[in-house]
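Let's take a friendly walk through a protein, with an eye on its aromatic rings. Have the 3D view ready and follow along.

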Amino acid sequence: LFESFQQFSASFVIMEKFYWELVIRTNLQMLHSVGLWPKNDEIYKLDLYSFYAAFSVIIIMIGHNFFQLMYVFSVYKNLEALTEMMVITATDFLITIKLCFFLLNMRKVKELMITLNSVLFQPKSFQLDLIRPHLNIWKKTYIGYWMLVGSAVVAMVIFPFVDNSFKDHRLPFLTWYPFDATISPVYEIIYIYQVVGVSFRTVAVVNMDTLIAALMVYITTQCDILCDNLRNIDKNFYETLFIKCIRHHQEVVRFAKSSNNFFNVIILGQFFSSTTVIAFTLFQLSLVDPLSSAGFSHMSYISAIVVQVYLYCWFGNEIELK
């Protein structure tokens, strides 16, 4: 009978536990699809998924960035072409930084996810209404960000078909290859490679950005939970509950510091590259008709970059307020 009661109690705890990772489940699944998130609480080890991750990062994402960077050296005398390539180069540089720091800090990110599921970070059932607005804002931002970035990427990918330049074997992205990429079937293979490369990079960047934003949201929700616990301390158990609140506060501060150590360099690179990209893209926009397909592509790209910076500013400011 005692064992049955223990099993019932354990199942009750599991049902009542709030899993923070479920809120960002889609985010983590997308990262997993491009090799940036090993399952569960694991980190990279010698297995098939680690091999796929290495292929995805080195060959598909960073490899594509390398060939775009090489093209810069062939057009440095052409101001318009150089400006266009500087936009891509700055973005590629940022993506490489993000990928490197994200992978190097994978163990730290996994530890943050484990901390979220600890007892101190669990909300009570009546506190769900307190944290739900913050989580809903993150979800809406995630969807909106995906729509903006997705439209910008689609505009770039289909541009050769919009202006019929694909007939001249123009690729979506200007790159240098050590072979002739304008002959069939090499052209078609490289076209697919570029589409896959930009798709993987888009998934990686969007979900890394929104994961960092989610960590910021979790810090703000923990502050709300802590304040609510302090306001509703039972006087009959004041000392015990107050000590628990102090420990909770210490864990929130520790969680915030660990999160900051994870993404501080990423945010520095984000602001540096974003200001560069916006400046060069606005210059490009001044050279084309704003209502043309090229103008639409530039405007979509600028909007995506602005929202990307907005993510860090908005959610970071919420932490400062809390």
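What follows is a short tour of ring pairs in this model.

Keep in mind that the model is predicted. A search of the whole structure turns up 16 aromatic pairs. A pair of aromatic rings is described by two things: the distance of the centres and the angle of the planes.

Start with Trp 20 and Tyr 218. Their ring centres are 5.2 Å apart and their planes stand at 70 degrees; angles over 60 count as edge-to-face, so this pair is edge-to-face. Where do Trp 20 and Tyr 218 lie? Trp 20 is in the loop between helix H1 (2–16) and helix H2 (25–33), while Tyr 218 belongs to helix H7 (residues 186–231), so the pair ties together parts that are 198 residues apart in sequence. Both Trp 20 and Tyr 218 are buried.

Now turn to Tyr 238 and Phe 242. Here the ring centres are 5.7 Å apart and the planes are at 5 degrees; planes under 30 degrees apart count as stacked, so that is what we call this pair. Tyr 238 and Phe 242 sit four residues apart in helix H8 (residues 238–285), which means about one helical turn separates them. Are these two residues buried, exposed or partly exposed? Tyr 238 has 47% relative accessibility, so it counts as partly exposed. Phe 242, at 34% relative accessibility, counts as partly exposed too.

Rings can also join into groups. Phe 66, Phe 67, Tyr 177 and Phe 179 are linked into a cluster by ring pairs.

Finally, look for a charge over a ring. Lys 110 lies over the face of Trp 37, at 4.0 Å from the ring centre.

Technical notes: Residues are numbered from 1 along each chain as its sequence is written. This is a predicted model: local features need pLDDT of at least 70, side-chain atom pairs count only at pLDDT 80 or more; totals for chains, interfaces and linings use all residues. Side-chain values use heavy atoms; hydrogens and water are left out. Rings of Phe, Tyr and Trp (its six-membered ring) pair if their centres lie within 6.5 Å; planes under 30 degrees apart count as stacked, over 60 as edge-to-face and the rest as tilted. Helices (H or I, at least four residues) and strands (E, at least two) are DSSP runs, numbered from the N terminus. Buried means under 20% relative accessible area, exposed over 50%, partly exposed in between (1.4 Å probe, protein chains only). A charge sits over a ring if NZ of Lys or CZ of Arg is within 6 Å of the ring centre and within 35 degrees of the ring normal.
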